[in-house]
Amino acid sequence: MIVNSLSLCYHNKLILAPMVRVGTLPMRLLALDYGADIVYCEELIDLKMIQCKRVVNEVLSTVDFVAPDDRVVFRTCEREQNRVVFQMGTSDAERALAVARLVENDVAGIDVNMGCPKEYSTKILSTLVKGTRRPVTCKIRILPSLEDTLSLVKRIERTGIAAIAVHGRKREERPQHPVSCEVIKAIADTLSIPVIANGGSHDHIQQYSDIEDFRQATAASSVMVARAAMWNPSIFLKEGLRPLEEVMQKYIRYAVQYDNHYTNTKYCLCQMLREQLESPQGRLLHAAQSSQEICEAFGLGAFYEETTQELDAQRARLSARTSEETREPAEDTSGVIKMAVKFDRRAYSAQITPKMCLLEWCRREKLPQPMYETVQRPVDRLFSSVVTVAEQKYQSTLWDKSKKLAEQAAAIVCLRSQGLPEGRLGEENPSLHKRKRESPDQDCGGPRAQELAQPGELCKKPFVALGSGEESPLEGW
């Protein structure tokens with residue numbers, strides 16, 4: 001059992017609620033600027049997150065969780081690390097735990113959206129509490145009866161969670177329905193863990209002082225603000241609401257600095273403008289089709305140009321540094337020679353690959369054929385391969401999306417460290433051209449290889465799933 005690092009306190013806190021399409025990094029940072037103590041990200045589905053890989057974005061100074069299609073699903077930065085709570089939607093305990101472990105080093109807490117609690121929900125919470133190093137919370141709506149609601153929250157409390165957020169409306173109720181302060185109060189009186197009151201934006205919260213009034217009406221430990229914060233994040237400011245124009249400009253600056261997609265930026269600004277969408281500025285916003293056009297609509301054209309130039313310059317510096325690093329092999333303490341390389345199919349002939357070049361070289365030098373050991377990370381399903389040639393191991397430090405690509409990358413590391421041709425377009429390797437049709441084991445998985453190989457003679461390519469200790473079949477070989 002993992003002992004949770006309960007460093008995040010949920011007593012007497014002002015909290016930005018999780019809001020789909022709203023709770024991205026620019027809005028979270030803006031809420032922190034204006035006085036929020038804790039900020040929740042938008043609800044992210046576990047099935048999407050489990051496919052993501054964690055990427056340190058040196059250009060933006062962020063940590064990105066990137067989907068296979070290169071879309072950033074979740075982005076965070078050091079400034080919010082101790083105050084951001086990651087909310088997920090899930091229906092599977094083990095999958096939820098895998099996601100929690102993927103993000104736990106970059107967030108302050110883990111939350112499960114239990115808007116419509118099911119029987120398996122408490123199992124998910126128990127699994128997370130036992131398996132992650134961060135405090136676990138959940139967010140619920142109230143049930144049709146007070147008795148059922150209190151029975152539910154007692155079961156939830158027994159899972160060991162750090163706090164519970166309660167939206168004081170039933171599943172079918174909408175914002176125009178009154179929030180049930182008395183039910184939240186009954187929950188707060190029943191539980192010993194902090195209760196976070198949510199749902200007061202429509203009836204109760206129009207300015208900062210109203211947040212405390214809502215907290216007292218519900219007897220809650222803390223208050224979570226959703227739509228009132230979406231309309232104007234300076235709701236958290238003790239000194240009072242700031243002018244909307246100022247708030248929107250500050251939001252846009254964060255959006256540009258952190259490369260927020262313009263459609264998301266546009267959506268959040270539209271929520272702030274509300275009844276002003278038909279104003280001249282609202283019409284300019286509605287017509288904007290890029291971050292640059294959004295900036296120009298708000299008089300921030302020069303800021304956009306300056307910021308994008310700085311980001312482009314940083315990308316160029318990092319690209320130049322990376323190119324320099326990949327030219328020089330580095331030997332780590334394990335004796336494996338490593339380089340940060342990938343196999344780009346476009347740079348090679350369809351008939352000649354780095355693996356073929358390496359195999360041919362080993363034959364000429366009368367060395368045993370290259371042996372590849374490929375592993376897969378369960379969290380993001382990416383692959384890495386180590387090739388052994390003449391008792392020396394070679395590996396790319398970059399993980400890849402398939403076993404074949406990972407093995408090609410390992411072959412490239414070996415070839416480059418030996419100063420050998422690797423089959424790139426324009427390279428000459430006459431001996432390989434002569435023998436490329438003669439080699440049944442140039443690619444152990446090709447149809448031709450399987451025709452020529454006798455039973456039991458397919459080359460050995462072990463594949464080990466990380467953490468399992470068991471061999472798995474190599475699909476596609």
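pLDDT is the predictor's confidence in each residue, on a scale from 0 to 100. What you have here is a predicted model, and its protein chain averages a pLDDT of 86, with 84% of the residues reaching 70 or more. One stretch to watch is residues 433–477, where the pLDDT is below 50.

**Confidence**

**Helices H5 and H6**
- Helix H5 covers residues 146–157 and helix H6 covers residues 181–190; their axes come within 10 Å and cross at roughly 40 degrees.
- That angle makes H5 oblique to H6, because roughly parallel is kept for angles under 35 degrees.
- The crossing of the two helices is right-handed.
- On the H5 side, the contact is made by Leu146, Thr149, Leu150, Val153 and Lys154.
- H6 answers with Val183, Ala186, Ile187 and Thr190.
- Sorted by type, the residues of this H5–H6 contact come out as 6 nonpolar, 2 polar and 1 charged.

- Three strands form an open sheet in the order E4-E5-E6, and the pairing is antiparallel.
- E4 (53–57) and E6 (72–77) are the edge strands: each has a single partner strand, so one side of each is left without a neighbour in the sheet.
- Ignoring direction, neighbouring strands of this sheet are turned by 25 degrees against each other on average.
- E5 (residues 62–66) pairs with E6 in the antiparallel sense over 5 bridges, and Val66 sits opposite Val72 of E6.
- Helix H1 (residues 25–33) packs on this sheet and touches E5 and E6.
- The direction of H1 makes about 30 degrees with that of E6.

**Strands around E17**
- Strand E17 (residues 392–396) runs parallel to strand E14 (residues 336–339), and 4 bridges join the two.
- In that pairing, Lys338 stands opposite Gln395 of E17.
- E17 also pairs with strand E16 (residues 383–389), this time in the antiparallel sense and again over 4 bridges.
- Here, Val387 has Tyr394 of E17 as its bridge partner.
- E16 and E17 make a hairpin with 2 residues between the strands.
- Check out Ala390 in that hairpin: its phi is positive, near 50 degrees.

Technical notes
Residues are numbered from 1 along each chain as its sequence is written. This is a predicted model: local features need pLDDT of at least 70, side-chain atom pairs count only at pLDDT 80 or more; totals for chains, interfaces and linings use all residues. Side-chain values use heavy atoms; hydrogens and water are left out. Axes are lines fitted to C-alpha atoms, for helices over the stretch in contact, and angles run from 0 to 180 degrees between N-to-C directions. Angles under 35 degrees count as roughly parallel, over 145 as roughly antiparallel, 65 to 115 as roughly perpendicular and the rest as oblique. A crossing is left-handed if the near helix is turned anticlockwise from the far one by less than a right angle, and right-handed if clockwise. Contact means heavy atoms within 4.5 Å. Ala, Val, Leu, Ile, Met, Phe, Trp, Tyr, Cys and Pro count as nonpolar, Asp, Glu, Lys and Arg as charged, and the others, Gly among them, as polar. Two strands pair if DSSP finds at least two bridges between them.
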